[in-house]
Amino acid sequence: MPALTVADLTVLPRIPEPDGPRVGVTERGVRSVATAPQGYEGEGFPVRRAFAGVDLALLDPFIHMDQMGEVEYAPGEPKGTAWHPHRGFETVTYIVDGTFEHADNHGGGGSITNGDTQWMTAGGGVLHIERPPEALVASGGLFHGLQLWVNLPRAQKWAQPRYQDLRSGQAALLTSADAGTLVRVIAGEVAGHTGPGSTYTPMTMAHASLEPGAQLHLPWDAQQNALLYVLSGDGTVGAERRPVRTGQLVVFGPGSSLRVAADAGQEGRHPKLEVVLLGGRPIREPVAWGGPFVMNTQQEVREAMVDFHAGRLGSIPAERV
């Protein structure tokens, strides 16, 4: 799992232990742990539905997240999606291993690989496509990533579509107090260090790699919720030290810090505990979700579908047909 790695974690800024002189620091407990079911997306690439079965109110402002892979493709097997529409939210695609290409009908797009992120604001409407490059289709190879859907507040649902190309080297890199964890901050702020992603809703997104036996105790905005998804490995979370494993989503309760620790023994293929940390300030607006559209009312979802079929979300660029 390469993403972005650092040979010597001791040279990185350390996340101060939230305990100590600070008054009023409350460590978050675990509200729930859910295991993601497996399925298929697009043209048939395997996914884990990270948020399946979890109350949407606990996830707000997040709507949906798929762990794509981890899968070792044979030649000719890599798959993507066909052209499809979106309106009313943002898609965040983070690639851990492999390469993915994106294009949309507003000129956004490009290729992302180990540790890169594509942040697409669909806003009022966009058509886009995601697929592996032809070279990867021909050769096969390892593919692993995440796609997260972030809701937009009512006032921004009709925003002009935009695209952010976030390279792995732009992420803020931190380590834990014990220098046993690499934390990559993609969006929001962790311990005073800010990631490159620009967001409409205040939120945090980070990828942490914990060495066996390492602990990560970090401050967390008390106004944001807190979610943790285990990409791979085994460990414990929260004030209760609740056990977690690959493919599980943790919803934390309220507080101003959170804790995760890696078991001393990890499975051979995944020598570290790999987790994604998410937090967001809840929007607390009605959510009407229909396929590729996330709006406030079912009528708005129906109108989005009508607009799509009438061509009002635009057309596929001629050079992409």
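A cavity, as the word is used here, is a set of grid points where a 1.4 Å probe fits but cannot get out. In this predicted model, a search of the whole structure finds 1 cavity of 30 Å³ or more.

The largest cavity has a volume of about 80 Å³, and 13 residues line it, of which Y94, G115, S168, A171 and I186 are the closest to its centre. The table sorts this lining by class.

| Class in the lining of the largest cavity | Number of residues |
|---|---|
| nonpolar | 7 residues |
| polar | 4 residues |

One of the residues closest to the cavity centre, S168, is found in the loop between β12 (162-166) and β13 (172-175). Because its relative accessible area is 15%, and buried means under 20%, S168 counts as buried. Leaving out residues up to four places away in sequence, S168 touches L4, N114, G115 and D116, and G115 is also listed among the residues closest to the centre of the cavity.

In soluble globular proteins, nonpolar side chains tend to be buried together. Here the largest nonpolar core has 28 residues, and F51, L148, M205 and L278 touch the most other members. Several strands each supply at least two residues of this core, including β4 (62-73), β11 (141-151), β17 (203-210) and β24 (273-280). Neighbours within four places in sequence set aside, L148 is in contact with F51, M205 and L278, and also with F62, H64, M65, E90, T91 and V92. Apart from this core lies another, of 27 residues, among them V185, A206, L218 and V244.

Key
Residues are numbered from 1 along each chain as its sequence is written. This is a predicted model: local features need pLDDT of at least 70, side-chain atom pairs count only at pLDDT 80 or more; totals for chains, interfaces and linings use all residues. Side-chain values use heavy atoms; hydrogens and water are left out. On a 1 Å grid over the protein atoms alone, a cavity is a set of points where a 1.4 Å probe fits but cannot get out, and a pocket is an open set with protein on both sides within 12 Å along at least five of seven lines; lining residues have an atom within 4 Å of a point. Grid points are joined across faces, edges and corners, and a volume is the space filled by probe spheres set on the points. Ala, Val, Leu, Ile, Met, Phe, Trp, Tyr, Cys and Pro count as nonpolar, Asp, Glu, Lys and Arg as charged, and the others, Gly among them, as polar. A nonpolar core is a set of buried Ala, Val, Leu, Ile, Met, Phe, Trp, Tyr and Cys residues joined through side-chain atoms within 4.5 Å. Buried means under 20% relative accessible area, exposed over 50%, partly exposed in between (1.4 Å probe, protein chains only). Helices (H or I, at least four residues) and strands (E, at least two) are DSSP runs, numbered from the N terminus. Contact means heavy atoms within 4.5 Å.
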